[in-house]
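My entries follow in the order of the look-ups.

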Amino acid sequence: MAMHEDQLHIDAAVARELIDESFPEFRAEPLQAVNSSGTVNAIYRVGDHAVARFPLQSGDPDGVTSWLRAEATASRAFVEQCPFPTPQPLGIGRAGHSYPLPWSMHTWLVGSVATPTGLEASDAFARDVAVLLASLRQADTRGRRFSGVGRGGVLGDHDAWLETCFAHSGGLLDVAVLRSMWRKLRMLRPADSVVMSHTDLTPANILVNGERIVGVLDAGGYGPADPALDLVAVWHLLDPKRRDIVRTHLHSDREEWLRGAGWAFAQALGLAQHLHVAAVAAAPAPGEGRAAGRAGDRPARPGHHRPAAAVRR
């Protein structure tokens, strides 16, 4: 299902050709598409030790190359501070075979993607999350400030994005309640300083084995941001008792804790917008019929991301 109106096509056959040309050392390795909740890249596992990531949205090739190089630099810095394994960049692949953009190859990590309810009552998992966040906060920002791009600055700066999400959520969520919640969250006092942050620590970017973290993915956005930003993992993945384990470990005050809920809220509401775009892209043209069967007509519930939990504590 397309997640973007300008989504690029990439399939296993094209990916195979591109990988073989840019990384001939992997020609003998089997290729397998990876199902992912991410919306930025199409992902293919290459053998047992590598993964190829192909940007899904069209863009300027030079700009995408710069972005991939910046991600690689951030990922290498992240591994120095992260107490858990994290993928490392192997190189940038060339465009071709109808795919118009550069793309990237990384090392592969074994593990299961964390889910919103799978380990919510695990003390061991909560302690791992706390250790991860504390370790990132100890990194030297080297005087850098928040870049101004994406989440991690001031909650209220995301009003326009939230308004777009609200406008497309009427058939899925109680928008009046959500607007009321956002009015409170956006008024929270911004952070006085920044810390080094993963910046996208959602469930899909945490790998687990049993009750322990065994990998942290997609660290290409690693950089200075609001200390509360990485708390999205806490609000998405832990129940109230386990959240308290993390809060105590980090010594988070009330403002920081609620800002974390605000960032989780803003991130979770984006799901409704992605579902809307996907629905528009998949809609039949005038005069076309809809395929039989309705099993795929109902979207996954955004409530799995717990936006409503954000203001209850």
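**Disulfides.** I looked for disulfides, meaning pairs of cysteine sulfur atoms within 2.5 Å. The count is zero. I then checked burial, where buried means under 20% relative accessible area, exposed over 50% and partly exposed in between, with a 1.4 Å probe and protein chains only. C82 counts as buried at 9% relative accessibility. C165 is buried too, at 0%.

**Ground rules.** I note that this is a predicted model, in which local features need pLDDT of at least 70, side-chain atom pairs count only at pLDDT 80 or more, and totals for chains, interfaces and linings use all residues. Residues are numbered from 1 along each chain as its sequence is written, and side-chain values use heavy atoms, with hydrogens and water left out.

**Salt bridges.** I took a salt bridge as a side-chain nitrogen of Lys or Arg within 4 Å of a carboxyl oxygen of Asp or Glu. I get twelve. Helices (H or I, at least four residues) and strands (E, at least two) are DSSP runs, numbered from the N terminus.

- D20 pairs with R16 at 3.1 Å, N to O. They sit four residues apart in helix α1, so about one helical turn separates them.
- D218 meets R53 at 2.5 Å, N to O. D218 is in the loop between β9 and β10 and R53 in strand β3, so the pair ties together parts 165 residues apart in sequence. D218 is partly exposed at 33%, while R53 is buried at 11%.
- D159 meets R186 at 2.7 Å, N to O. D159 lies in helix α4 and R186 in the loop between α5 and β7, so this bridge links parts 27 residues apart in sequence. D159 is partly exposed at 27%, as is R186 at 28%.

**Helix α1.** I listed the buried residues of α1 (12-22); among them are V14, L18 and I19. Contact means heavy atoms within 4.5 Å. The buried residues of α1 pack against β1, β2, β3, β4 and β5. At the start of α1, a side-chain oxygen of D11 comes within 3.2 Å of the backbone nitrogen of A13.

**Cores.** A nonpolar core is a set of buried Ala, Val, Leu, Ile, Met, Phe, Trp, Tyr and Cys residues joined through side-chain atoms within 4.5 Å. The largest has 54 residues, and F125, I206, V246 and F265 have the most contacts inside it. Beyond its neighbours within four places in sequence, V246 contacts A126, V129, A130, L133, V234 and L238. A second, separate core of 21 residues includes L18, Y44, Y99 and W103.

Notes: Polar contact = N/O pair within 3.5 Å; in protein donor to acceptor, adjacent residues only side chain to side chain.
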